[in-house]
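This briefing is meant to be read with the sequence and the model side by side. Please keep both in view while you work through the topics below.

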Amino acid sequence: MTTFLLATSSVHVTAAAADYLQHRLDPAGDDDIVVVAVRDPDAPSRDAGDAVNVARSRLASFMPATETREGEPVTEILAAVDEHDPDELLIGPHRGSDDSDGIGSTARNLLARVDRPVIVLPLP
């Protein structure tokens, strides 16, 4: 059994994670998916909710657990990692906006602080 924690606040990151997980999950297996959407004060308020809806839709056959948190993304994601103890953490390279390139500050901070595999998902 593998537990995946998807940290997201973007429909683009969630869609990329669904594509990645479709090839990793066994429909008859007992893998767990936890989707943690973080409402960043600097992002549009509906983004986290939309990201959760995409996860529920695209990963419906795997019945992901979902939760929405409010606050600073790194702090909230690290708290979720401590609470859920996933085998893998899935994140986007940046907030998912078109005006970003490369790896953003949240992804860099998580890569430096998380003690398990972190999958940085390429965005379409």
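**Strands, helices and single residues**

F4 has E88 as its bridge partner in strand 4. The model is a predicted one, in which local features need pLDDT of at least 70 and side-chain atom pairs count only at pLDDT 80 or more, while totals for chains, interfaces and linings use all residues. Residues are numbered from 1 along each chain as its sequence is written, and side-chain values use heavy atoms, with hydrogens and water left out. Helices (H or I, at least four residues) and strands (E, at least two residues) are DSSP runs, numbered from the N terminus.

- Five strands form an open sheet in the order 3-2-1-4-5, with parallel pairing, where two strands pair if DSSP finds at least two bridges between them.
- Strand 3 (65-70) and strand 5 (118-120) are the edge strands, each of which pairs on one side only.
- From one strand to the next, the twist averages 20°.
- Strand 1 (residues 3-8) runs parallel to strand 4 (residues 88-91), and three bridges join them.
- Strand 1 also runs parallel to strand 2, to which six bridges join it, and T3 stands opposite D32 in strand 2.
- Strand 2 (residues 32-39) is largely enclosed by the rest of the structure, because six of its eight residues are buried; buried means under 20% relative accessible area, exposed means over 50%, and partly exposed lies in between (1.4 Å probe, protein chains only).

**Helix 1 against helix 2**

- Helix 1 (residues 11-22) packs with helix 2 (residues 47-58) at an angle of about 20°, and their axes are 8 Å apart.
- That angle makes helix 1 roughly parallel to helix 2, since angles under 35 degrees count as roughly parallel, over 145 as roughly antiparallel, 65 to 115 as roughly perpendicular and the rest as oblique.
- The axes are lines fitted to C-alpha atoms, for helices over the stretch in contact, and the angles run from 0 to 180 degrees between N-to-C directions.
- On the helix 1 side the contact is made by V11, T14, A15, A18, D19 and Q22, and on the helix 2 side by D50, A51, V54, A55 and R58, where contact means heavy atoms within 4.5 Å.
- By class, the residues of this contact of helix 1 with helix 2 are six nonpolar, two polar and three charged; Ala, Val, Leu, Ile, Met, Phe, Trp, Tyr, Cys and Pro count as nonpolar, Asp, Glu, Lys and Arg as charged, and the others, Gly among them, as polar.

**Helix 3 against helix 4**

- Helix 3 and helix 4 (residues 105-113) pack at an angle of about 35°, with 10 Å between their axes.
- From helix 3, P73, V74, I77 and L78 meet T106, N109, L110 and R113 of helix 4.
- The contact of helix 3 with helix 4 divides into five nonpolar, two polar and one charged residues.

**Single residues**

- E76 lies in helix 3 (residues 73-84), and E76 counts as buried because its relative accessibility is 18%.
- Apart from neighbours within four places in sequence, E76 is in contact with V38, R69, E70 and G71.
- M63, in the loop between helix 2 and strand 3, has a positive phi of about 45° although it is not a glycine, and M63 is exposed, with a relative accessible area of 71%.
- D85, in the loop between helix 3 and strand 4, is a residue other than glycine with a positive phi near 45°, and D85 is exposed, with a relative accessible area of 51%.
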